[in-house]
Amino acid sequence: MSYEIIEKLKREIAGFRDEPESERIGIVTEAGDGIAKIAGLSEALSQEIITIETSSGDVSALAANLEEDFIGAIILGNADAVKVGDRGKKTGTVLSIPVGRELIGRVVDPLGEPLDGKGVIFENEENVKRNRLERNAPSVVVRESVKIPLHTGVKAIDAMIPIGRGQRELIIGDRQTGKTAIALDAILNQKQDSVSSPEASAKGGRRRVICIYVAIGQKNSKVAKIVKLLEEKGALAYTIVVSAPASAPAAMQYLAPFAGAAVGEYFMDAGEDALVVYDDLSKHADAYRELSLLLRRPPGREAYPGDIFYLHSRLLERAAKLDQEHGGGSLTALPIIETKLGDVSAYIPTNVISITDGQIYLEANLFFQGIRPAVNVGLSVSRVGSTAQTKAMKKVASRLRLELAQFRELAAFAQFASDLDESTRQRIRRGELLTEILKQSDIEPVPFERQVVAIYAAINGHLDSIAVADAKAFETKFLDYLEKRYRDTILKPIAETGELAEAVETKLKQAIEECKQL
Amino acid sequence: MRYAPSQYAEAFTAVVPKAPASRRAELTQRFLRSVRKNGDLSRIRQIVAAIERRLVTERGGAWIRLEFARPQPEHAVAGLRGRFGAHDHIEVAVRPELIAGVRITRDNETELDYSLARKLKKLFTR
């Protein structure tokens, strides 16, 4: 046996031909903090991968600054191994990540390496498709308008701030206001939201969405908790987690959202729908600021580099809904921004607000008042609007925003009034009732058809006779009742067709009255 | 503003080599004083290296670095030196990690690697 191995090795060595050729190289002149300054390599391209030959093996670096005499490179591997005098060589390739369906259910780093201990992702890595981390956003010509809803399972959002497939909707708020919970609800809800019939799917109905959760600068414990939750709820079967935790170098945190977008684009290009959550872009901006300062780029406002807007705009522009000629796939983006003391006028929040197609604004005051999700309906907006709503939701929720706005105004006014007329009191009560109905626990997304019937009952005055304190209990009882008695005649038709037909509406009214009698 | 070594080198080579031989020592001293005044004395090695490189380039030569795995007999090095131009600057270094053979670098930009280390690396990454 050993003889055979030796013979094989001999044959390999005998067949080895090596003709040294003149190669372009660079010499590391400075190294530290994950950055290397390399003299030479005058023909290096921007964003090109450079291989640095160190005493403990090759280390990859990303050419970031191209200057007259040297290049500034971001070290992607073991930065401690890079020493002054090491040689750097061009590779002629730009940064890319292996993509494929095998990634589903896995936790990977921004370079596509597995982090979950479940072994190799791709059996034959050579034949795997690779997507570039930096890619141009789809042009106007290949895009289609956003009109298919992406239900989050959060009543307040699906009813008043609808998100469409291919949209970019910002989730913004202070720390501990439930930003990640909304994004996770959106991921969990995809399990129950796809239409089951192939006919509806063929007509461009709601297909299963592949989700990508990008954790940037999060605590490892938080990422582990999220992965566990997704696994327990069965959502990991259609989710990919790209993680660059707080312990990862700034370079990895900077690359993570681009890796998430590259993975999402794989599914979009394949004609599927994908959702990517960037949690969060504030930390991403901080990582990029760190790298830029180390690369000696001139600092601008709040010490961020001048191209921080372009960084986020080129990332978020990659979210798109492609037309049928290009497969009809979509990539929806839910970036998250953390504000400090509710200051939405800071640099990064205003940048991302202006890039996205709307924002869900979460307020700490509402959160502590017990209104959860703590969505400030007045400041939240979706620029896609009701175009990305099903007919059923449009029918029941069209008056909701107005009713709540009137309620807030009257409630503020009523604080100073001792005696109110009957219609004002009625409006305030309705507003309180609606606020109560819109409350829901986190990690419990409500299926779209259940949202429709609950809001229908509240907004049409069917619950006016119920005390506000009992509204939540009635909602639970009513939904259970519908599930048991009217699953096939009310809930299923709404879920399948997305419409609230007259016959179904009549049955719904009847069911509400029956339930109230119980 | 902090000047780069290449800027010091540019200033030095533009003035000192073209000045009469009698003034060169004085100009060099003034140059060193301005380096100290700018707080760049800690980078004097880089500045001198940049000046050397610039002088070689201006003469039409190249900066050649010959690296061997072990110290070489003088006649072997001289044989190699003879293969380069008169204006080229040749420096010799010993790098044991090359295992055997020679590596030639021109102007820190182009490399010709005849070392055993490279061959082995290529063999094992095939």
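Chain B is divided into domain 1 (5-58) and domain 2 (63-124), with bounds that come from an automatic or database domain assignment. The C-alpha centres of domain 1 of chain B and domain 2 of chain B lie 29 Å apart. The model is predicted, and local features need pLDDT of at least 70, side-chain atom pairs count only at pLDDT 80 or more, and totals for chains, interfaces and linings use all residues. Residues are numbered from 1 along each chain as its sequence is written, while chains are lettered from A and ligands numbered from 1 in the order in which they are written.

Chain A has 17 helices and 17 strands, where helices (H or I, at least four residues) and strands (E, at least two) are DSSP runs, numbered from the N terminus. Along the principal axes, the C-alpha atoms of chain A fill a box of roughly 90 × 55 × 45 Å. Of its 518 residues, 46% count as buried; a residue is buried if 20 or more other C-beta atoms lie within 10 Å of its own, exposed if 12 or fewer, and partly exposed in between, with C-beta atoms placed from the backbone. Two residues are in contact if their C-beta atoms, placed from the backbone, lie within 7 Å. Among contacts in chain A between residues at least 6 apart in sequence, 71% join residues at least 24 apart.

Strand β13 (residues 273-279) of chain A is mostly covered, with 7 of its 7 residues buried. On one side of β13(A) the buried residues are A:Asp273, A:Leu275, A:Val277 and A:Asp279, and on the other A:Ala274, A:Val276 and A:Tyr278. Strands are taken to pair if DSSP finds at least two bridges between them. Strand β11 (residues 209-216) of chain A runs parallel to β13(A) and is joined to it by 7 bridges, with A:Val209 opposite A:Asp273. A further 6 bridges join β13(A) to strand β15 (residues 330-338) of chain A, also in parallel, and here A:Asp273 stands opposite A:Ser330.

Helix α8 (residues 308-316) and helix α9 (residues 347-355) of chain A pack at an angle of about 35 degrees, with their axes 10 Å apart. Axes are lines fitted to C-alpha atoms, for helices over the stretch in contact, and angles run from 0 to 180 degrees between N-to-C directions. The contact involves A:Ile308, A:Phe309, A:His312, A:Ser313 and A:Leu316 of α8(A), together with A:Asn351, A:Val352 and A:Ile355 of α9(A). By class, this contact has 5 nonpolar, 3 polar and no charged residues; Ala, Val, Leu, Ile, Met, Phe, Trp, Tyr, Cys and Pro count as nonpolar, Asp, Glu, Lys and Arg as charged, and the others, Gly among them, as polar.

Between the chains, 14 residues of chain A are in contact with 12 residues of chain B. On the side of chain A that touches chain B, β1 (23-32) and β2 (35-40) each supply at least two residues, and the largest share, 4 residues, comes from β1(A). The residues of this side divide into 6 nonpolar, 4 polar and 4 charged. β1(A) and strand β4 (residues 110-113) of chain B run antiparallel and are joined by 2 bridges, with A:Glu23 opposite B:Glu111.

A:Arg24 is found in strand β1 of chain A and counts as partly exposed because it has 15 C-beta neighbours inside 10 Å. Leaving aside neighbours within four places in sequence, A:Arg24 is in contact with A:Leu41, A:Glu43, A:Lys90, B:Glu109 and B:Thr110.
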